[in-house]
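Here is a short report on a structure, covering backbone geometry, domains and helix packing. Please keep the structure open while reading.

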Amino acid sequence: MTIVEKILANRSNRTQVKPGDNIWVDVDILMTHDVCGPGTMGIFKGNFGENAKVWDKEKIVLIPDHYIFTKDKYAMRNIEYVTKFAKEQEIKHFYEPFTSDYKGVCHVALAEEGHNKPGDVLFGTDSHTCTSGAFGQFASGIGNTDAGFIMGTGKLWVRVPESIKFQFEGKFPSYIMGKDVVLQTIGDIGFDGATYRCMEYGGQAISGLNMEERMTICNMAIEAGGKCGIIAADEVTKKYLEERGVTEYEVHNSDTDAVYHSVHTYDASKVVPVVAKPYSPGNVEPAENLSHIEVTRSYIGSCTGGKTTDFIAAAKILKGEKVKIETFIVPATRNVERNFETITIGGETLREIFENAGCKIGPPSCAACLGGPEDTFGRTHADEVVISTTNRNFHGRMGSMDSKVYLASPFTAAASALTGRITDPRKYISKIEVEIDG
Amino acid sequence: MDKIRGKAYVVGDNIDTDQIIPAIHLVYRTDLEEEAKNYGKYAMSGMDPKTIEVPFIQGDRYESDYTIMISGKNFGCGSSREHAPLSLDKAGIKAVVAESYARIFYRNSVDGGFLIPYETKDRLVDEIKTGDEIEISGNILKNITTNKEYILGELGDIEGIITAGGIFNYAVQNGFITK
């Protein structure tokens, strides 16, 4: 069996499952946030009763993150609603906005706060829940009705997915990031190439990536239609979890005779920086072919491209330079934001590098990745052409229907910020290869 | 399964959830009718205006003139927002007929009891025009306007959930949970 088949067999008390089986699984964690939380809680109460209690108050993780820094009255009302619910239900893991408990983007906070565990089944009311697959667990996005069902029962039906294997042999060059890796694979199989399937990543080059880079890869499985992305837990996973006090979990690896829908093998050293052009994440082309495209904005943030590793990459390129176009920096979480003050390159903190380069820095949240209310930081309002480290480039995704979004790695987004055109980061190879201090 | 009859609204491939309901509108409560009707008003409002021949929703109305949506491949891709099938439901859509679906949209449509996601092997976006009168009965789709018939895919395992009206009713009927 594959990793995902083993996890689903385990959580449905079976010895064996195969792709296509419809099974009921026990859920380890249900994650929800401010946009889908109210609907989920309303459905839970509507079906189980106004005074019903959730199935397990320690297994629901509530992380408001989408519409936080806005004056929108409905958005504020939704935060009040989920806060009231969390207090009534004594939800143990509630990261309340406007208090010291606030974290930021849910998928990154789940990892940082130790909620991700190899072998677990995690559902979340957000399509990028697949990010947590980086920890060797089954993690998938669902709607409010399914989430309301889990809230009352701790169970959900799933169809066991087939897996597609992406094997990266050798080592990635210094200028390649997880974002390039996942965009390349989406481009290869197509925007709907993994519909109903699991995207399993492995090989020596993947083992060489840190947890944040692995999260970037699994994060975008949904952009190929994937039910989940997954990377087997290893020593890198173990160390990350130990630092967060997580020591008990089950590690699964795919069997050597596991059956895959298809296997794609890559020479990691040959991967090049790529960009997904409007209006599909599968519309992928090497960055070097797009140097004629003028961009008017660079945006570095979100669950996909707003982690500490992403900002170290951007800072390496931006250090000692001035941006030519408006450049927005949005840390995913408070923890990432704190690292802006403590991580230095050549004696300058990340924050100093961004400020000296002329970037605008916003508070941690999903911000303009999905447009959001009119007053959202970094939202487009006209015909902006954005090079962005986010995950979707659909029509109007970052706000305005007239703006265009090109998806790229933080290296490419930062390099393009300096030139005003889509720029292959290999232009700045000597800067990329500088190490952080300490 | 009851017959569904009404006018068709035809869209292309890869209709994503930001086109079905843009994120700016996700602030309305889905469980309060007075707010939830806004999801009907803004349904399909994220489509590129340049590609639209006839608006899905006329003016300031909360419901559409159309009952059945016809699409190509990968309908409902993108976000997990259940507001997407809910918006179509509020606007009056009873069924979508597409060549394929993104899985979360498909699940949400069925488990939430919003609409029936039929699959077709035919390229119906080239066969049916917006405004054509359509009838779906069993797995037969009839275009009354052109007098042509097409065979739809079987609903399979999910038919029970659709007939029950969603996952909660299905679970109650099968003794899985008690209300």
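A:A367 sits in the loop between β18 (360-361) and β19 (385-388) of chain A. Strands (E, at least two residues) and helices (H or I, at least four) are DSSP runs numbered from the N terminus. A:A367 is not a glycine, yet its phi is positive, about 45 degrees. This residue counts as buried because it has 32 C-beta neighbours inside 10 Å. The cut-offs are 20 or more other C-beta atoms within 10 Å for buried, 12 or fewer for exposed, and partly exposed in between, with C-beta atoms placed from the backbone.

The model is predicted: local features need pLDDT of at least 70, side-chain atom pairs count only at pLDDT 80 or more, and totals for chains, interfaces and linings use all residues. Residues are numbered from 1 along each chain as its sequence is written, while chains are lettered from A and ligands numbered from 1 in the order in which they are written.

B:N147 also has a positive phi, near 60 degrees, and is a residue other than glycine. B:N147 is exposed, with 7 other C-beta atoms within 10 Å.

| Residue | Phi | Loop |
|---|---|---|
| A:A367 | about 45 degrees | between β18 and β19 of chain A |

A:Y279 is in the loop between β12 (274-276) and β13 (284-286) of chain A.

Now the domains. An automatic or database domain assignment gives the bounds. Chain A splits into domain 1 (3-248 + 258-267) and domain 2 (275-432). Their C-alpha centres lie 24 Å apart. In chain A, 39 residues of domain 1 are in contact with 39 residues of domain 2; contact means C-beta atoms, placed from the backbone, within 7 Å. On the domain 1 side, α4 (106-112), α6 and α8 of chain A each supply at least two residues. The largest share of that side, six residues, comes from α6(A).

How do α6 and α8 of chain A pack? The axes of α6 (residues 178-189) and α8 (residues 211-219) of chain A come within 8 Å and cross at roughly 25 degrees. α6(A) and α8(A) are therefore roughly parallel to each other, a term for angles under 35 degrees. The contact involves A:G178, A:K179, A:V181 and A:V182 of α6(A), and A:E213, A:R214, A:T216 and A:I217 of α8(A).

Definitions and conventions: Axes are lines fitted to C-alpha atoms, for helices over the stretch in contact, and angles run from 0 to 180 degrees between N-to-C directions. Angles under 35 degrees count as roughly parallel, over 145 as roughly antiparallel, 65 to 115 as roughly perpendicular and the rest as oblique. Two residues are in contact if their C-beta atoms, placed from the backbone, lie within 7 Å.
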